[in-house]
Amino acid sequence: MGEAISGAAQFFLHGGFFMLLLLVLSIVAGTVILLRASALREHLVAPPELETAIERVQPGDSLEGLKRAVRLHPSPLGRIITVCLDHLNWPRQENIEAVQVRARHEVVGMENGLSVLEVTTGVAPLLGLLGTLSGLVSVFANLGEGGTGDPVAVARGISEALNTTIVGLAVAAPSLIAHNYFQRKIETMAVSMEGLVADLLAKCYPEHR
């Protein structure tokens, strides 16, 4: 176990400054992935209780049950429903516009941090490449300054220089996968919430069916 830890430490230490940047970037990206995975759970974004409450509403019914469900289950869907219920005295089209504005705000909130993953996907491989080129420059500079030219030493130097490229790709790949996954999940949940709110609006304005 101790040898494995020591080997890992040497792996990162030989990467130099660019390896340090990649480590920081990996920590930030990993934190964002964990936070988004926790926040974008479906029952937190669109609680099933709210879906059931909307399905139970019939044209002309009291909306107290739905309002109570919204208070008990705060969520992006709940906040969108609140805007809808708060503006029922408005014409239908104006209420729809208010709901759409609130929905855009909620989607932006759900996308918090995804830009970090997007940047990581592009920057991490470049930092890895810069680290590799910097290491190779040092290896060849030593040869040009009268180094021994030992093939084993040169191969070891090149191998260590390539470490940053490996880490850069290792950081970028999960970031790309997570970004695409979360983006798709947000789109799916946004469409689902749009359908639920559209159904609610149709029940609240039955004359426009």
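The structure is a predicted model, in which local features need pLDDT of at least 70 and side-chain atom pairs count only at pLDDT 80 or more, while totals for chains, interfaces and linings use all residues. Residues are numbered from 1 along each chain as its sequence is written, and side-chain values use heavy atoms, with hydrogens and water left out.

The protein chain contains 10 helices and zero strands, where helices (H or I, at least four residues) and strands (E, at least two) are DSSP runs numbered from the N terminus. Of its 209 residues, 32% count as buried. Contact is defined as heavy atoms within 4.5 Å. Among contacts in the protein chain between residues at least 6 apart in sequence, 78% join residues at least 24 apart.

Helix α5 (residues 64-72) packs against helix α6 (residues 76-86) at an angle of about 145°, and the two axes are 9 Å apart. Axes are lines fitted to C-alpha atoms, for helices over the stretch in contact, and angles run from 0 to 180 degrees between N-to-C directions. The contact involves Leu66, Lys67 and Val70 on the α5 side and Gly78, Ile81, Thr82 and Leu85 on the α6 side. By class, the residues of this contact comprise four nonpolar, two polar and one charged. In this classification Ala, Val, Leu, Ile, Met, Phe, Trp, Tyr, Cys and Pro count as nonpolar, Asp, Glu, Lys and Arg as charged, and the others, Gly among them, as polar. The crossing of α5 past α6 is left-handed, a term applied if the near helix is turned anticlockwise from the far one by less than a right angle, with right-handed used if clockwise.

Leucine 88 lies in the loop between α6 and α7 and, at 28% relative accessibility, counts as partly exposed. Not counting residues up to four places away in sequence, leucine 88 touches Leu63, Asn95, Cys204 and Tyr205. Asparagine 95 belongs to helix α7 and is buried, its relative accessible area being 0%. With neighbours within four places in sequence left aside, asparagine 95 is in contact with Val83, Cys84, His87, Leu88, Trp90, Leu201 and Tyr205.

Helix α10 holds two further residues of interest. Serine 175 is found in this helix, α10, and counts as buried at 1% relative accessibility. Beyond its neighbours within four places in sequence, serine 175 contacts Ala29, Leu117, Thr120 and Thr121. Serine 192 is also found in helix α10, but at 32% relative accessibility serine 192 counts as partly exposed. Serine 192 and glutamate 51 are 10.0 Å apart in space, C-alpha to C-alpha, and 141 residues apart in sequence. In helix α8 (residues 114-144) lies leucine 129, which is partly exposed with a relative accessible area of 43%. The C-alpha atoms of leucine 129 and leucine 169 are separated by 9.5 Å, the two residues being 40 apart along the chain.

The largest pocket holds about 350 Å³ of space. On a 1 Å grid over the protein atoms alone, a pocket is an open set of points where a 1.4 Å probe fits, with protein on both sides within 12 Å along at least five of seven lines, and lining residues have an atom within 4 Å of a point. Grid points are joined across faces, edges and corners, and a volume is the space filled by probe spheres set on the points. The lining of the largest pocket consists of 14 residues, among which Val99, Gln100, Ala103, Ala190 and Glu194 lie nearest the centre. Helices α7 (92-110) and α10 (163-204) each supply at least two lining residues. The largest share, seven residues, comes from α10. By class, the lining has 11 nonpolar, one polar and two charged residues.

Conventions. Buried < 20%, exposed > 50% of the residue type's maximum accessible area, 1.4 Å probe, protein only.
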